[in-house]
Amino acid sequence: AKAPERCTSEKSGFRALNGVNTFYVEVTSACEKRQRCIINAYVVGSRGGKTGQGTLTLGKASIGQETRKTWSMKTAENGGMANMSWSCKDL
């Protein structure tokens, strides 16, 4: 049996916005149902580590369209190493 295709995806990384260093996770959904996504992150830089958790609620996507939202947390530096997990469920 073939595994079902996933209708959500994520992109993450470090960036500086208006002089504020952040780690971000952007979740994109092509699902035909609303989704609630939980994000857990642990970021380590040369100034220590920081833990963060967030929840994103993405709306229903029309056929051929996508919805996306971004969660971010402040970091001491614009870079480092990140361990991150995420999961989404239908609402």
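Let me start with one residue. Threonine 8 touches Thr28, Ser29, Cys31, Gln35, Trp86 and Cys88, leaving out residues up to four places away in sequence. Contact here means heavy atoms within 4.5 Å. Threonine 8 sits in strand β1. Threonine 8 is buried, at 9% relative accessible area. The cut-offs are these: buried is under 20% relative accessible area, exposed is over 50%, and partly exposed is in between, with a 1.4 Å probe and protein chains only. Its side chain also makes a polar contact of 3.5 Å with the side chain of arginine 6. A polar contact is a pair of N or O atoms within 3.5 Å; within protein, one must be able to donate a hydrogen and the other to accept it, and residues adjacent in sequence count only if both atoms are side-chain atoms.

Now the ground rules. This is a predicted model, where local features need pLDDT of at least 70, side-chain atom pairs count only at pLDDT 80 or more, and totals for chains, interfaces and linings use all residues. Residues are numbered from 1 along each chain as its sequence is written, and side-chain values use heavy atoms, with hydrogens and water left out.

Next, the sheet. What is its strand order? It runs β1-β2-β5, an open sheet of 3 strands with antiparallel pairing. Two strands pair if DSSP finds at least two bridges between them. β1 (8-17) and β5 (67-74) are the edge strands; each has a single partner, so one side of each has no neighbour in the sheet. Neighbouring strands are turned by 20 degrees against each other on average, direction ignored. That angle is taken between axes, which are lines fitted to C-alpha atoms, for helices over the stretch in contact; angles run from 0 to 180 degrees between N-to-C directions.

Look at β2, residues 20-29. It pairs with β5 in the antiparallel sense over 8 bridges. Valine 27 has lysine 69 in β5 as its bridge partner. Beyond four places in sequence, the contacts of valine 27 include Ile39, Leu56, Leu58 and Trp86.

Valine 27 takes us to the core. Nonpolar side chains tend to be buried together in soluble globular proteins. In this model, the largest nonpolar core has 13 residues. By definition, such a core is a set of buried Ala, Val, Leu, Ile, Met, Phe, Trp, Tyr and Cys residues joined through side-chain atoms within 4.5 Å. Those with the most contacts inside it are Phe23, Val25, Val27, Ile39, Leu56, Trp71 and Met73. β2, β3, β4, β5 and β6 each give two or more residues. β3 gives the most, with 4 residues.

On to charges. How many salt bridges does the structure hold? There are 4. The criterion is a side-chain nitrogen of Lys or Arg within 4 Å of a carboxyl oxygen of Asp or Glu. Arginine 68 meets glutamate 26 at 3.7 Å, N to O. That pair joins β5 to β2, across 42 residues. Glutamate 26 is buried, at 18%. Arginine 68 also meets glutamate 66, at 3.2 Å. Lys11, Glu26, Glu66 and Arg68 are linked in a network of salt bridges.

Another salt bridge joins arginine 47 and glutamate 77, with the closest N and O atoms 3.9 Å apart. Arginine 47 is in the loop between β3 (35-45) and β4 (48-58), and glutamate 77 is in the loop between β5 and β6 (81-90), so the pair ties together parts 30 residues apart in sequence. Is arginine 47 buried or exposed? Exposed, at 65%. Glutamate 77 is partly exposed, at 22%.

Glutamate 77 also touches asparagine 21, as do Met73 and Asn78, among others. Asparagine 21 is in β2. Its side chain reaches the backbone oxygen of alanine 76 at 3.5 Å.

One backbone point. Most residues other than glycine have a negative phi. Asparagine 18 has a positive phi, near 50 degrees. It is in the loop between β1 and β2, and is exposed at 81%.

Last stop, alanine 82 in β6. It is partly exposed, at 33%. Beyond four places in sequence, it contacts Phe14, Phe23, Tyr42 and Val43.
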